[in-house]
Amino acid sequence: MKDVQDGNSFRFYTQLYIVRLLGIKARNPEELLKAIKKVPPSSIYYHTHKFLQQHLYLSPEPPNDFGFWVSNVLNLKKLGEAITSIDTISFNDLEDLREEFVNILDEYERNKEFSVNCPEGQELHFMSCKTFVFPTKYVARNLDEFKKIVKKISINSLYFHIFEARLRKKIQGNDFSLWFEKIGKHVLAKEITKLDPYTITLEGLREKILALTERYG
Amino acid sequence: MADIRDYSRIVGHDRIDELYFLAEQLKGKSILNINSTAVGGGVAEILSRMIPLLKQVGTNAKWDVIKGDDRFFSISKKMHNALHGVQIDISEEEYEYFIEINRRNCEEMNLEGDIFFIHDPQPVILVERRKKLKGKWVWRCHIDFTTPQKDVMRFLKNYINKYDASVFSAPAFARNEIRVPQYLISPSIDPLSDKNRELPTEAINTILEKFKIDEKRPIVTQISRFDYLKDPLGVIKVYKKVKKYIDCQLVLAGGGATDDPEGMKVLNEVKEASYGDTDIHILFLTPGSDIEINALQRASSVVLQKSLREGFGLTVAEALWKGKPVIASAVGGIPLQITHKYSGILTYSIDGTSHFLKELLNNTDYAKRLGENGREHIKSNFLITRHLRDYLLLFLSMFYQEDTVFLD
């Protein structure tokens, strides 16, 4: 893949994915813990990121599949809240994120007073994804062009530059903040980096990026 | 058949451009789809919609069917039922005959392609010839694989594991014993088909008049075959509980084969249970009543799908696509389509369904919001354009091993 930055221009990429079924399922927190320990990193990624994309119009967003399932299917509200509250944005390494889930579930297992299984048919099925990244026809040479493109670009492209970039480049910011830095828009870059995309719908995120660009651009 | 560009006004130009881009990556590759029937049945219906669209975006997609006699199809029907969990014995001779017919087809068919996309168990054995035929082989399972009978699964898995990949319609269908990659591709609805396209109000009203349904009072609808597993009798109980408080009407509409004795039995029981209540409309629809179904769904205040078991339950997607609040059982593929209290309501009992039905009929703003969220969820995940995209990604996946593929 060529860099998204081409000189002073920003090339918009997009991504699509196909879901793989791993044939692993959990009925209770113990099985959830076992599975989280053994699934590939792409599965941790799928369950902590793809959920947003599939439900991008829902608000409030369920932040990860595990927390949503524990709270709403197992009805273990305290554990569900602990898993849901994991600050996904502070992790740019999936193994660290996995470890965080493991720690919470380990602690729960050590202290639990009772066992609970989900109703039949509502097991959590582990999946992963195979992602395809490719360039779009859009290139921004300045902030005005950037804003015009952000207004119309597909959600998948926003997703790629905001979420994927952090893990791909192991950075706290994203592709947009890096480009803003490069073209000398340091305050804008800082403000975009501060966004927590995990707590906003993707359409809401589009609006925020546009508003910040308008204000600090 | 609609033009692929016609979908851009629904999903956006970018989505359609993506399909062209992906198809371009498959240039020079031919994809041969094989199933067991050209007409009738869900798989033939899907292929008859998908193959023209695959061709329109530029892939070299082909479709052929295997031939079999009555004995072969009676064995494959047994296999189908056994995969659904029904206890059925299939003898060694029957398995051998099943294999023999597949091998005969291998000799007689013109099997050429870069990707062999084999649908359902009937032609599964063709993969035996993969060394000679070369190419990539994918097995697409369209049926419920949740509780397959062990013997049949043991027989099939030996063949499935010879493929490069397999594809299932719901996460619960994934199997531990399958060693090749398993992909998830959910079914879809076609927003431009007669069953789902926009209808003018007059057309909807004409159909309501035809069935003597009052458009001014709330309409609660379940569209499904008259089958115990769809629980139409449970739906009547739900309605009766709610009717005590809210003056609503119930529409139970669906088709079914007139030569299906169980279907007729269920229909008669439903008629008996609704006897004397003119606000219950039992509509036995003839095949091809797609516009009627569309109008009934669009006229509904709330749509129910109180199934006891369900494959995927595309009637839920149809209703959500029309922005309708849906209350449905948490079975089969329904939880994939509804997130409880966000994009619909998931229930487990007659009492629960009655409770939420009252709530939605009394809180129309909340009901509307559920319907709107539901429509967006269907738009993002269960339209035919997503299905087409998944097929293109699946074919591309055959040529790339890595988890993240960069196409420049």
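Predicted model: local features only at pLDDT ≥ 70, side-chain atom pairs only at ≥ 80, totals over all residues.
View 1. Residues are numbered from 1 along each chain as its sequence is written, while chains are lettered from A and ligands numbered from 1 in the order in which they are written. You'll find B:Gln149 in the loop between β4 (136-140) and α7 (150-160) of chain B. Helices (H or I, at least four residues) and strands (E, at least two) are DSSP runs, numbered from the N terminus. Setting aside neighbours within four places in sequence, B:Gln149 is in contact with B:Ala82, B:Gly85, B:Gln87 and B:Ile88; contact means that the C-beta atoms, placed from the backbone, lie within 7 Å. B:Asp89 sits 60 residues from B:Gln149 in sequence, and their C-alpha atoms are 9.7 Å apart in space.

**View 2. Strand β3 of chain B, covered on both faces.** Five of the five residues in this strand (115-119) are buried, so β3(B) is largely enclosed by the rest of the structure. On one side are B:Ile115, B:Phe117 and B:His119, and on the other B:Phe116 and B:Ile118. Now for the strand's partners. Strands pair if DSSP finds at least two bridges between them. Strand β1 (residues 30-35) of chain B pairs with β3(B) in the parallel sense over four bridges, and here B:Leu32 has B:Phe116 as its bridge partner. β4(B) also runs parallel to β3(B), joined by five bridges, with B:Lys136 opposite B:Ile115.

**View 3. Two domains in chain B.** An automatic or database domain assignment sets the bounds: domain 1 covers 4-188 + 383-397, and domain 2 covers 201-380. Their C-alpha centres lie 31 Å apart. Where the two touch, domain 1 of chain B gives seven residues and domain 2 of chain B gives eight. The domain 1 side divides into four nonpolar, two polar and one charged. Here Ala, Val, Leu, Ile, Met, Phe, Trp, Tyr, Cys and Pro count as nonpolar, Asp, Glu, Lys and Arg as charged, and the others, Gly among them, as polar.

**View 4. Where chain B meets chain A.** This contact takes 37 residues from chain B and 27 residues from chain A. Among the chain B elements that give two or more residues are α2 (13-25), β6 (182-184) and α15 (364-381). The largest share of the chain B side, six residues, comes from α16(B). By class, that side has 19 nonpolar, ten polar and eight charged residues. Strands take part too: β3 (residues 124-140) of chain A runs parallel to β13(B), joined by three bridges. Look for A:Thr131 opposite B:Thr404 there.

**View 5. Chain A on its own.** Chain A has ten helices and three strands. Its C-alpha atoms fill a box of roughly 60 × 30 × 25 Å, taken along the principal axes. Buried residues make up 41% of its 217 residues. Of the contacts in chain A with a separation of 6 or more, 71% are between residues 24 or more positions apart.

How values were computed:
Buried ≥ 20, exposed ≤ 12 C-beta atoms within 10 Å, placed from the backbone.
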